[in-house]
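The structure is shown first.

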Amino acid sequence: MHKGSIAVDGISLTISAIGADWFEVSLIPETLKRTTLGFRRPGETVNLEADVIAKYVEKLTGGTR
């Protein structure tokens, strides 16, 4: 399992799966209740912020996994 986090619309979430051009997060009912994520629909635009350490590691490894 991939470990890491990503912020979606300013909400920090743990990544539960990742692919070449996608990622997955698991949302619990409390997160859906207390954030705007419960109102989002597939295909909507969101703001994404990656972990600074992840960006540094990607740069060091040339973007390979």
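Predicted model: local features only at pLDDT ≥ 70, side-chain atom pairs only at ≥ 80, totals over all residues.

## Salt bridges

A salt bridge here is a side-chain nitrogen of Lys or Arg within 4 Å of a carboxyl oxygen of Asp or Glu. In one of them, Arg-40 pairs with Glu-44, with their closest N and O atoms 3.0 Å apart. Arg-40 also meets Asp-9, at 2.4 Å from N to O. Through shared partners, Asp-9, Arg-40 and Glu-44 form one network. Relative accessibility is 29% for Arg-40, 25% for Asp-9 and 36% for Glu-44.

Glu-30 and Arg-34 form a salt bridge at 2.2 Å, N to O. Both lie in helix α1, four residues apart, which is about one turn of the helix. Glu-30 is partly exposed at 37%, whereas Arg-34 is exposed at 64%.

## Fold and surface

The protein chain has two helices and four strands, in the order β-β-β-α-β-α from the N terminus. Of its 65 residues, 17% count as buried. The chain exposes about 5300 Å², and carbon and sulfur atoms supply 58% of that area.

## Second largest pocket

This pocket has a volume of about 270 Å³. Its lining comprises 13 residues; Val-8, Val-25, Leu-37, Arg-40 and Val-46 lie nearest its centre. By class, nine lining residues are nonpolar, one is polar and three are charged.

Technical notes
Residues numbered from 1 in each chain as written. Heavy atoms only, no water. Buried < 20%, exposed > 50% of the residue type's maximum accessible area, 1.4 Å probe, protein only. Areas by Shrake-Rupley, 256 points an atom, 1.4 Å probe, with all protein chains shown as cover. 1 Å grid on protein atoms, 1.4 Å probe; cavity = no way out; pocket = protein on both sides within 12 Å on 5 of 7 lines; lining within 4 Å. Points joined across faces, edges and corners; volume = space filled by probe spheres on them. Nonpolar A, V, L, I, M, F, W, Y, C, P; charged D, E, K, R; others polar.
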